[in-house]
Amino acid sequence: MQPTFTSSRILQPVRPWFVVLSLLAALMLNLLPTSEWPGVPDWAALTLIFWSVRESRRVGMGWGFALGLLMDVADASLLGQHALAYVLATYIASSLSKRILWFPLAQQALHVLPLLLLVQILQFGVRMASGAAFPGLDYLIGPFVGAVLWLPLTYALLLPQYQPVERDANRPI
């Protein structure tokens with residue numbers, strides 16, 4: 001089910017520039033120094049999963065691979081670590097998109113939680129296989145915070161698509 005704000009608004013098709021802009025904004029949020037704090041979700045993974053569920057024909061494994069490589073270069077981590085995790089998450093999210101959208105937002109968040117955990121566990125496994133130090137259990141708090149943020153993220157990313165039914169040229173909003 002899609003959220004409805006008022007009866008005088010309808011959901012317009014997604015604009016491709018907005019999807020690209022939101023993915024780049026999520027990438028920028030991942031590049032902030034606060035992304036290393038415990039409990040901060042992987043914004044790129046969360047946004048990729050969101051758009052893979054909502055727009056599975058526009059955002060898929062190619063976007064996951066590209067953003068993953070950018071994150072690998074930015075984090076100076078093993079090349080392909082983020083890319084592998086993002087590609088698997090977007091593949092599973094797009095294959096389960098019809099099922100996930102049947103549920104209310106709170107239950108959608110419960111479906112997204114294993115995907116976010118998969119991203120973290122894959123990255124953790126690749127880091128540990130390469131001989132990195134154990135990051136601690138705080139490393140797994142981010143997916144739970146990301147699942148809680150699924151509801152506000154859904155409203156924030158779908159808000160620009162809601163347009164009034166009757167367009168007025170003299171009214172800016």
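1. In this predicted model, the largest cavity is lined by Val-40, Pro-41, Asp-42, Ala-45, Leu-46, Leu-116, Val-119, Gln-120, Gly-142, Pro-143 and Gly-146. Two or more of these lining residues come from each of H2, helix H6 (105-129) and helix H7 (142-148). By class, the cavity lining consists of seven nonpolar, three polar and one charged residue.

2. The volume of the largest cavity is about 70 Å³. When the whole structure is searched, one cavity of 30 Å³ or more is found.

3. The largest pocket holds about 350 Å³ of space. Its lining comprises 20 residues, and those nearest the centre of the pocket are Ser-35, Glu-36, Val-40, Gln-120 and Tyr-139. Helix H3 (61-75), helix H4 (81-95) and H6 are the elements giving two or more residues to this lining. H6 provides the largest share, with three residues. In terms of class, the pocket lining has eight nonpolar, seven polar and five charged residues.

4. Two residues deserve attention when these spaces are examined.

5. Helix H1 (residues 16-31) packs against helix H2 (residues 43-54) at an angle of about 160°, and the two axes are 7 Å apart. As angles over 145 degrees are classed as roughly antiparallel, H1 and H2 are therefore roughly antiparallel to each other. The crossing of H1 past H2 is right-handed. On the H1 side the contact is made by Phe-18, Val-19, Ser-22, Leu-23, Ala-26, Leu-29 and Asn-30, and on the H2 side by Trp-43, Ala-44, Thr-47, Leu-48 and Trp-51. This contact of H1 with H2 contains nine nonpolar, three polar and no charged residues.

6. H2 also packs against H4: their axes come within 8 Å and cross at roughly 30°. Since angles under 35 degrees are classed as roughly parallel, H2 and H4 are therefore roughly parallel to each other. H2 passes H4 in a crossing that is right-handed. H2 contributes Ala-44, Ala-45, Leu-48, Ile-49, Ser-52 and Val-53 to the contact, while H4 contributes Tyr-86, Ala-89, Thr-90, Ala-93 and Ser-94. The residues of the contact of H2 with H4 comprise eight nonpolar, three polar and no charged.

7. Ala-44 and Leu-48 take part in the contact with H1 and in the contact with H4.

Key:
Residues are numbered from 1 along each chain as its sequence is written. This is a predicted model: local features need pLDDT of at least 70, side-chain atom pairs count only at pLDDT 80 or more; totals for chains, interfaces and linings use all residues. Side-chain values use heavy atoms; hydrogens and water are left out. Axes are lines fitted to C-alpha atoms, for helices over the stretch in contact, and angles run from 0 to 180 degrees between N-to-C directions. Helices (H or I, at least four residues) and strands (E, at least two) are DSSP runs, numbered from the N terminus. Angles under 35 degrees count as roughly parallel, over 145 as roughly antiparallel, 65 to 115 as roughly perpendicular and the rest as oblique. A crossing is left-handed if the near helix is turned anticlockwise from the far one by less than a right angle, and right-handed if clockwise. Contact means heavy atoms within 4.5 Å. Ala, Val, Leu, Ile, Met, Phe, Trp, Tyr, Cys and Pro count as nonpolar, Asp, Glu, Lys and Arg as charged, and the others, Gly among them, as polar. On a 1 Å grid over the protein atoms alone, a cavity is a set of points where a 1.4 Å probe fits but cannot get out, and a pocket is an open set with protein on both sides within 12 Å along at least five of seven lines; lining residues have an atom within 4 Å of a point. Grid points are joined across faces, edges and corners, and a volume is the space filled by probe spheres set on the points.
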